[in-house]
Amino acid sequence: MWASAAAAHRLSSCGSWALLLLLRRNLPRPGVKPVSPALAGRFLSTVPSENLILNDPDFQHENLNFLSRSQRYEVAVKKSAIMVQKMRKFGIADPAEIMWFKKLHLVNFVEPVGLNYSMFIPTLLNQGTTAQQEKWLHSSKGLEIIGTYAQTEMGHGTHLRGLETTATYDPETQEFILNSPTVTSIKWWPGGLGKTSNHAIVLAQLFTQGKCYGLHAFIVPIRELGTHKPLPGITVGDIGPKFGYDEMDNGYLKMDNYRIPRENMLMKHAQVKPDGTYVKPLNNKLTYGTMVFIRSFLVGESARSLSKACTIAVRYSAVRHQSEINPGEPEPQILDYQTQQYKLFPLLATAYAFQFVGAYMKETYLRINEDIGHGDLSELPELHALTAGLKAFTSWTTNTAIEACRMACGGHGYSHCSGLPNIYVTFTPTCTFEGENTVMMLQTARFLMKSYDQVHSGKLVCGMVSYLNDLPSQRIQPQQVAVWPTMVDINSPDSLTEAYKLRAARLVEIAAKNLQTEVIHRKSKEVAWNLTSIDLVRASEAHCHYVVVKLFTEKVLQIQEKSIQAVLRRLCLLYSLYGISQNAGDFLQGSIMTESQITQVNGRIKELLTAIRPDAVALVDAFDFQDVTLGSVLGRYDGNVYENLFEWAKKSPLNKTEVHESYKHLKSLQSKL
Amino acid sequence: MEGNPVHRVSAGDAWSSSMHPDIESERHSQSFNVEELTNILDGGAQNTALRRKVESIIHSEPELSLKDNYFMTQNERYEAAIKKKFHILMLAQRLGWSEGSSELQYASRSVSGDLGFAIHHIFQKTIRSLGSEEQIAKWDPLCSKFQILGTYAQTELGHGTYLQGLETEATYDAATQEFVVHSPTMTAIKWWPGDLGRSATHALVQAQLICSGARQGMHAFIVPIRSLDDHSPLPGITIGDIGPKMDFEHTDNGFLKLDHVRIPRENMLNRFAQVLPDGTYVKLGVPKSNYLSMVVVRVDILLGEVLPLLQKACTIAVRYAVIRRQSRLRPSDPEAKVLDYQTQQQKLFPPLAMAYAFHFVANNLLEFFHHSYSFILDGDFALLPELHALSAGLKAMLSDFCTQGVEQCRRACGGHGYSKLSGLPSLLTRVTASCTYEGENTVLYLQTARFLIKSYLNTQKSPGSASKGSLPQSVAYLTAPDLARCPAQTAADFLQPELYTTAWAHVAVRLIKDSVHHLQTLRQAGADEHDAWNQTTVIHVQATKAHLYYVTVKIFTEALEKLESQPAIHQVLKRLSDLYALHGILTNAGDFLHDGFLSGAQIDMARKAYLDLLPFIRKDAILLTDAFDFTDQCLNSALGCYDGHAYERLFQWAQKSPTNTEGNPAYEKYIRPLLQGRRARL
C-alpha cells in the first residue's frame, strides 16, 4: 500500500529517468565513469559487477547505528583491509579503478586509511623529489606503510603561519629535530592519526642556521613497524568522541625532540643542503593548486549531501499523512501542506543549483589547471577567490538546509533511522575544515575589493566580477538608479540574474566605501578591515549568490529536452525568487525592486510551490541514490516506512532482552522509597 | 564580589588553581557587579545562595558526576541516568528536599537534567491537571513514592502534533464496565514516549474514546503495562526501545502496541469528561481542556530545559573565544583573541542577547501561566485561549532561536566545536529535539496564528466601541495608534526602546492584517475555507513570527524598566535589549522597508547603531556569561571552563577516551595482517 502511494508520485509530468541522465552527464558519479573503454574488457572479466560487490558477504556488517564507537572503528578498518586485499587479488592498481572500486565499497563510509590515499600520497607526489617518491610511494600505495597528513594544531587552524611545531636542522648528524614546544602546538585532528597510521607528513616551521624559513613538510615515522607501538619521543592517540565521524580515529601527535634524517624533508621545491644551507622554492603559487582543488570539490560535496537530505525529506513527506486540510477527508500527505512545500522545495531547488555549480567548478578547475600547466597563471586569483567563497556559501547553506530537512521530518528525523542526523554530522565539519568559512568569505572579499579598486582607478576587470565595471558610481548618475526596478521581470531568470548582479554590485560598493572611511579614521589598515568585516562578508555572500543564480540560469538554457527544461526552469525561478524574498531588504534598499514587486515575488513563489508539487518525488528520484547510500528508513525508494521503522527499532541492542538488566535499579528504588 | 567562588572550580584537576591570563584580563575591570546580575537571574540573592549550596552537595557526590558521559554507550547512559535519579532521590529523602522544591530543581539543573524518569513527572502532573480529586488521591501518592513509574503516551508512529489524528482506541464495554484499549494499525503504535522503552509500569495513553457507539475524541487513560512483580510486559502489551537517536540517550524512548487491553472504567481521567457506568458520555470542560497538560509542559521546558542549553553554549563559546588566538589584527601584534574579530562578535553576541531576552520572556510566561492556571482548574476558561496561543508560539520561537543560537556557538568554535569534549554537540542535539517535541513548531506557529486572526477580526467588528478593552493583553497593540513612518533621524534614535518596540508592533500589525486580507480575498474568490487556510499558511507563519518578536522585545524592555534602580546592570542589559531588537530588524529589513515604515537611510542608521553596540558588549562579554553561574561540572566542557585552561583540559580529556585507554583490537585483527600480507608478497 505504501509502495503504491510512493510510486503514484513518480508518475509526473517529467520523467525522472531523463533527468537522471541529465545529472549523470553533468556530475561526477562514482561508479559510472572512471572505467576507461580500453580497460573495460579486462576489468569486467576479472572484477565482480557493481551489484556483486554491494552484496559481497565480506562487506556486510551490523547497522553502524547500533554499534559503539570502538566497534564502528573496527568495522571501518576491517572494510578497508578486506578491500585492499581484494584489490590485490584483482590486481587493481590504476587510480581510476581504485576510485571506482573504493566508492562502491565504502558508500558513505569514512575510512581510517583514507588519508593515506587522499593526502599522504598526493603530497608526496606534489612535494617529494623523484628519489623520495621512489623510496616512499611504492610502500604507501601498497599500505606497507600507512600515512596521514598532520597540519592543524590544537591552538591553530586556518591561519597557517601561526603553526608552532618546529623542525630544527642539526648539520652534525644531518637530522631534523621535530618538537612540539607547547600544548597548543600538539597536532590535533588529522584523520587516521590516532590509531591507524604509522607515518605522518608533518607541517612544521623550518629552522636552519638560526633562521626560521616558514612551513615545510616532513615525513615522520610515528609507530614501530611490526608492533605498531609509538616510537620513543612520539606521543600519539585518538582525540576522543566527536559529533560524527565515529569510524575515524582523528588523532593527536606530540613530538619531543624527535629526530628524523634530512632526507625526510619533502624537497621538490625548497631544500636544506647537508650543511644547513636553505634553498628557496622557485614558485610559491603552485601550492595553491591542492587547496583550490579540494575547495572546488567540496562545492560538489555540498550538492551531494543536500541532495541526499532532500531525497529523504521529500519521500517521507509523500508517505507521511497528518491532520486534515478539509474536514472529513482522509489525512493528506504532508507534502500537500503549503508550509511543508515552503520548507522543502526551495531546498530542493538549491540542491539542483549546487549540483550545477559543483559541475561548473570542476570543469573550471580542470580548464585552469591545464592553463597553469602551460604556465598561464592569470585566472588563478579569480578561481582562488571564487572557490573560497563558493565553498563557504554552499557549505553554510547546505548545513542549514540539511537541518531544515531533518526538522521537516518531525520527530522521526531525530531518530538515527532517518539517516539525517548522520548526514548532518558528517557534513557540518565542511564549514570549518579546509578553510573556516568566515575566513574564506573574507578572502573572496579581498579579491572583490581589489577588483573594485582596479575599476575605480579606471581599469576594466573581467570574469565573474565584470559587473563592477558597470557600477552606477562609475558610469551612471545616481538618480538614474531609480530606473532599474521597471527592468526586473520576475518571470525571467535572466532578469532576476540581473537583479542579483545589481545587489552584489551595490553591496561590494558599500563595503568598499565603508572600508575607505575606516581606513581614513584608523591608524592601521588591518583594524579598518576588521571593523568592516561584517560588510565584507555580506558583499561576498551577495557575490556568490549572484554566481549561483547566474550559473543555474545558464545551465537551464542549455537543456534541450523540453519537459526537463520546463521543470528545471521552475526550480531555477524558485531558487532566485526565494533568495529575493529572504533578502528583500537588500533589493528594496538598493531600489532594485519595488514593494509591489516584492509582493508579486512572494505570490509567485507560492504558485511555483504548487507547480513543483507533482514533480517533487521524481525530482529527488533523479538524484538516483541507492537506498544503501541514503542509509535511511524514512527515505526508502519503496516508501514502506513504518513497517521497516518498527523492524529497525526491534534490532536495537536495548531490545535484546525483554526485561533489561538495569531493572535492578528500579526495583531497589521502589523498595527504598 | 569579584573573584572565583570555590564552587566553580573543577575538583581535582591540575589547572583550576590558576587562571589563564587571557581570561583573567577579561575580568579585571568590571563595569557592573556580576554577582548582582546572577541574583537577578536567580530571582533573588537567597535563591543564588540556595542554588550554590545544592550544587556543592551534588558535585561532592562522585555518583552524580557527568564526566564520563561523552564516552558512554546508549545502554550505559541509560543506566547511569537511572542510577543518578535514584541517588538524588535518596539525597532528597535524607536532606528533606520535598517534591517540587527549589532544591530538587537546582539539583536537576546541576546534573544538566541527565536523570531518568523525566516523563514520570509529566505523568504525575497530567493526573493532577486532568484527574478528578478521587483519582488524584489514588494515584498521586503511588507516583510520589515511585511505587509505580509512569509515562505519557501520546505520539504514534504515524501521528504527531495533530491530536485528532491519533488512531489508538479506547472502546467502552458497559457489560464489564471496562475500556478496551487497542492499537488498530501499524501507524497507531505509540512511538517516542520517554521512560516507556524499559522503565515505566504505567502509561497515560491518549486514545479516541468510543462509547455509546460514538467517537468522543481524545481522552487520557491510565494503562498498566508492566508487571509490578518482575517488570515483564503484561498480556496484550508489546513494548520496547525505539533505537538510537541524535541524543537523549539517557532516556528510553519507547514503543507500545496494545492488543485489546482491558482497563477499569475508573482509569479514564475524568476532571473534564466522564463516562457513566451505562456508557453515557458527560462533558464537563471545554474541548481545549484536554490540551492543558501540553500547555503545562511547554511552559516548563522553556526554563527547565531549552534556555539553559543556549546559556551554556554562549558561556562555552565566549570563554573559548578569548583563549583562542588566531591571525593578527596588526602585523606587529601577537595573534589576536578571536573575540576581537567583528565577525566573531556578530556570531556570538546575538545569541548572547537572546539568552538574556528569553530569560525574561520565559519568566514572564511562567507568571502568566500561574495566574491563569488556578482559574482554569476552577473551571474558568477565559484566559485559556491566550495562554494556549502564547505558550505555543513562544515554545516554537524560543526553541527555534535557541537551536540556531547553539549551533552558531558550536560553529564559532571552529574545529574544536566538533569535538564532543567541547560539550557543544551534546547541547545542540539536545536543544534541537525541542523544535519537534511537545508540538512541531510550524504547527504551533499556526495555532498562535489562529488566535491572532480571531483577535484581529474582533477589533474589526465594532470599531471604536468597547471591544478594545476586551482584547487579551498580548494582542492589545492591534488597536494601538500606529505611525506610518518611523521618526528616527539618527543612529542613536534606534537605541530608544520605545522606538524599536513600536517598529516591531508596526510590522507585526501590518503582517497580521495582510495575512487576514489574503485569507479573506481567497474566500471571497470562492475558495473553500480550508484550502484558503492552507494557501495562506506561509504568510500566517511569517506574521506570527513578527508578533512573537514584538512580544519578546516588549517583555525584555519592560523587564529592564524594573531594573533602573541598578544603573550599571540596567546599562549592560539595555545594550543586549537594543542588540536583540536591532538584530531582528536588520535580518528582516525587507519587512520594515516594505511599506516605507523605515527608509533605506534609516536601515543604515539601524545598522550603524547595531555595529556600534558590538565593541561595548565585547567588553562585558565574559562577565555576562559568568553571570549565568554555571559550574564547570555542569558545563562539562573542555573548552568552556571558568579558568580558561581549554587546551590542557582538551588534551587530558582526550587521553582518557576509551579509544586510548583500551587496546586497539583492529590492529591485531586487520592492520597487522594487512601490513604483513604485502611484505610476504614482496
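Which residues does Thr152(A) touch, not counting residues up to four places away in sequence? Thr152(A) touches Gly157(A), Ile186(A), Lys187(A), Trp188(A) and Trp189(A), where a contact means heavy atoms within 4.5 Å.

The model shown here is predicted; local features need pLDDT of at least 70, side-chain atom pairs count only at pLDDT 80 or more, and totals for chains, interfaces and linings use all residues. Residues are numbered from 1 along each chain as its sequence is written, chains are lettered from A and ligands numbered from 1 in the order in which they are written, and side-chain values use heavy atoms, with hydrogens and water left out.

Chain A contains 24 helices and 11 strands; these are DSSP runs numbered from the N terminus, with helices (H or I) of at least four residues and strands (E) of at least two. Of the 673 residues in chain A, 61% are buried. Buried stands for under 20% relative accessible area, exposed for over 50%, and partly exposed for what lies in between, with a 1.4 Å probe and protein chains only. Among the contacts in chain A with a separation of 6 or more, 73% join residues 24 or more positions apart.

Thr152(A) has a place in a UniProt record as well: the unreviewed entry gives the feature "binding site" at Thr152(A) and Gly191(A). The two span 40 residues in sequence, yet no two of their C-alpha atoms are more than 10.8 Å apart, so they gather at one spot. UniProt positions are given in the numbering used here, feature names are shortened, and annotations may be inferred rather than shown by experiment. Thr152(A) belongs to the loop between β1 (147-150) and β2 (166-170) of chain A and is partly exposed, at a relative accessible area of 27%. Gly191(A), by contrast, is buried, at 8%, and sits in the loop between β4 (187-188) and β5 (199-208) of chain A. Residues up to four places away in sequence aside, Gly191(A) touches Leu115(A), Thr148(A), Met248(A), Asp249(A) and Asn250(A).

Chain B also carries a "binding site" annotation from an unreviewed UniProt entry, covering Thr155(B) and Gly194(B). Although spread over 40 residues of sequence, these two cluster in space, with a largest C-alpha distance of 10.7 Å. Thr155(B) is found in the loop between β1 (150-153) and β2 (169-173) of chain B, and its relative accessible area of 28% makes it partly exposed. Beyond its neighbours up to four places away in sequence, Thr155(B) touches several residues, including Lys190(B), Trp191(B) and Trp192(B). Gly194(B) lies in the loop between β4 (190-191) and β5 (202-211) of chain B and counts as buried, at 6% relative accessibility.

The interior can be considered next. A nonpolar core is a set of buried Ala, Val, Leu, Ile, Met, Phe, Trp, Tyr and Cys residues joined through side-chain atoms within 4.5 Å. The largest such core has 321 residues, and those touching the most other members include Trp188(A), Tyr352(A), Trp191(B) and Tyr356(B). Helix α8 (residues 292-323) of chain B gives the most to this core, with 21 residues. Apart from it lies another core of 36 residues, among them Tyr117(A), Phe120(A), Ile201(A) and Tyr670(B).

Aromatic rings form pairs throughout the model, 42 of them over all chains. Rings of Phe, Tyr and Trp (its six-membered ring) pair if their centres lie within 6.5 Å; planes under 30 degrees apart count as stacked, over 60 as edge-to-face and the rest as tilted. The rings of Phe358(B) and Phe401(B) have centres 6.3 Å apart and planes at 90°, so this pair is edge-to-face. Phe358(B) lies in helix α9 (residues 342-377) of chain B and Phe401(B) in helix α10 (residues 384-412) of chain B, so the pair ties together parts that are 43 residues apart in sequence. In chain A, ring pairs link Tyr352(A), Phe356(A), Phe552(A), Tyr575(A), Phe623(A) and Phe625(A) into a cluster.

Finally, the unreviewed UniProt entry assigns residues 497-676 of chain B to "domain: Acyl-CoA oxidase C-terminal". This span is 79% helix and 0% strand, and its end C-alpha atoms lie 73 Å apart.
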